[in-house]
Amino acid sequence: MSIYNVIANIAFLILEDCHMKQIGIGEAFRANFLGHAPNWYKTIILAFLVLNPILMFTVGKYVTGWVLIIEFIFTLAMALKCYPLPAGGLLAIEAVVIGLTNPHSVYHEVELNLPVILLLMFMVAGIYFMKEGLVYLFTKILTKVRSKVALAFLFSIMGAVLSAFLDALTVTAVIIAVAYGFYNIFHKFASSEKVYDTYDINHDHIIDEKYHEDLNQFRGFLRNLMMHGAVGTALGGATTLVGEPQNLLIASIMKWDFADFFLNSAPVSIPVLIVGVLTAIALEVTKFWGYGYQLPESVRKVIEDDVNAKDAAMDTRGRVRLIIMAVCGVILIFSLALHLAEVGIIGLMIIILLTAFNGVIEEGRIGHAFEEALPFTALLVVFFSIVAVIHDQHLFTPIIQWVLQLEGQDQLVAFFAANGVLSVVSDNVFVATVYMSETQKAFEAGGIALEHYNKLAVAINMGTNTPSVATPNGQAAFLFLLTSALAPLIRLSYMEMVKLALPYTIVMSITGVLATMYLL
């Protein structure tokens, strides 16, 4: 029997089954397309897919490219309705099909960002095997520190310090793991279904009514801490060459080592860091703009009881596991600070050390560590496809050319602002790549003095790192948080992140502009 006959028979059986069940093909297609996403969402995505080719052949590639960016941002904004990978991926595929970009350009963008992909694949998985120790550490902090203001300060400053020596994505993965652990402890306790075989962390109908208000308050509390920590990673990530992927790119072009990068960036990065941490404190003191949620006493008691029970039950092997995690943490910080290898390769080393010395030798247990990171890795590759459209259609070229025509401090401020605005809607690694390449060309042509060239590099660094906290698509760490398993649990949607980030965006951007103007 030929392959054609096999396919025909399968199709006939499927159609016959649909007819017997009185299910129309169109109805089945609508039900399957994007699964249980709302019908209005499905309709909008289909409208996008129909609209783009029409725009392509009527108004041209440039306008269609900008429309595609807006459409992709929409899929990110609706992340809690539908994970952005299927819908955003359809838009990316269509962009290639209609000629906005091509497979070679997509592959080139992936190739350029391979260190980020390796980081997601291996570093985030490596952190998974440190979760027990990290949750233990942060749980101790939570139970010992009762002041929300002090907690906000600690999460912000720890996020900043850790991301200065690690990288923002890794630190964000740590904070997500900690918050998920906190949430899981209380949600299980408050569940009326004590048989955990039927327990589902995503469902609230199993929560005892008396704990509903405490659970909502706890969600707000975790949202606040997550945003303080996430913004903290951006604050610290801007200060060193390992903090953000684009920092390493800038440092390699400028031939800066760890100390050079820190000292050159310090006139802008340190004031922004100080003001950012003070903003965290001010938001909690004033309880302004969605901040100020407190940890309910019932939740604190549950967490404290859980910690005490686990401490009492911990045997010698458990303590040795924690020691191994601590030692691996030191090795991780040392390796990243000295940049002994690419971040992802260091992450793979951490996976090997932790699994070997803590006895995790089953394929299933190891494979579970990759579940959270790989969907986001796939989404990031789709994002690089959109970046390829930006690059191939020269969507940012007019802005870049205008900025390069300015001079002196005006040019520094314009570089900061232009990089900031573009990083809000695009990938900050891509924006830094484009601006550094154009600036390098101008320097090599003799159009820029060395001292001013160094300052422009700092303006690009701070521009891509500071205003980009405004949206999840501006910072990879923020996008990782938005698409994590934690976000829907604590009701952290795209618009909620934008709202909570707004005070930080305003204060940090103004500080960055003033520091660029007067201190750089």
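**Loops, helices and the overall fold**

Reply: Let's start at R491, which sits in the loop between α24 (486-489) and α25 (494-518). Keep in mind that this is a predicted model.

Me: What's the phi of R491?
Reply: Phi of R491 is positive, about 60 degrees, even though the residue is not a glycine.

Me: And is R491 buried, partly exposed or exposed?
Reply: R491 is partly exposed, as its relative accessible area is 41%.

Me: Which loop holds H394?
Reply: H394 is in the loop between α18 (373-392) and α19 (397-404). Its phi is positive too, near 55 degrees, and H394 isn't a glycine either.

Me: OK, zooming out. How many helices and strands are there in the chain?
Reply: The chain has 25 helices and zero strands. Its radius of gyration is 24 Å, close to the 24 Å that the globule rule gives for 520 residues, so the chain is as compact as a globular protein of that length.

Me: What box do the C-alpha atoms fill?
Reply: Roughly 70 × 65 × 45 Å, along the principal axes.

Me: How much of the chain is buried?
Reply: 52% of the 520 residues count as buried. As for contacts between residues at least 6 apart in sequence, 75% of them join residues at least 24 apart.

Me: What about surface and charges?
Reply: The accessible surface is about 22,800 Å², and 68% of that belongs to carbon and sulfur atoms. There are 28 positive and 40 negative side chains, with the centres of the two sets 8 Å apart.

Me: Switching to α8. How far does α8 reach?
Reply: Helix α8 covers residues 131-144, and its 14 residues reach 20 Å from first C-alpha to last, close to the 20 Å expected at 1.5 Å a residue.

Me: Which α8 residues are buried?
Reply: G133, L134, V135, F138, T139, I141, L142 and T143.

Me: What do they pack against?
Reply: The buried residues of α8 pack against α7 (114-128), α9 (148-165), α10 (168-190), α11 (212-237), α14 (297-313) and α15 (316-337).

Me: Last one, D392. Where is it?
Reply: D392 is in helix α18. It counts as partly exposed because its relative accessibility is 25%, and buried would need under 20%.

Me: What does D392 contact, leaving aside neighbours within four places in sequence?
Reply: L100, T101, N102 and S105. There's also Y62, 330 residues from D392 in sequence but 9.7 Å from D392 in space, C-alpha to C-alpha.

Notes. Residues numbered from 1 in each chain as written. Predicted model: local features only at pLDDT ≥ 70, side-chain atom pairs only at ≥ 80, totals over all residues. Heavy atoms only, no water. Helix = DSSP H or I, 4+ residues; strand = E, 2+ residues; numbered from the N terminus. Rg over C-alpha atoms; globule rule 2.2 N^0.38 Å. Buried < 20%, exposed > 50% of the residue type's maximum accessible area, 1.4 Å probe, protein only. Contact = heavy atoms within 4.5 Å. Areas by Shrake-Rupley, 256 points an atom, 1.4 Å probe, with all protein chains shown as cover. Lys, Arg positive; Asp, Glu negative; His and termini not counted. Charge placed at Lys NZ, Arg CZ, Asp CG, Glu CD. Expected span 1.5 Å × (residues − 1).
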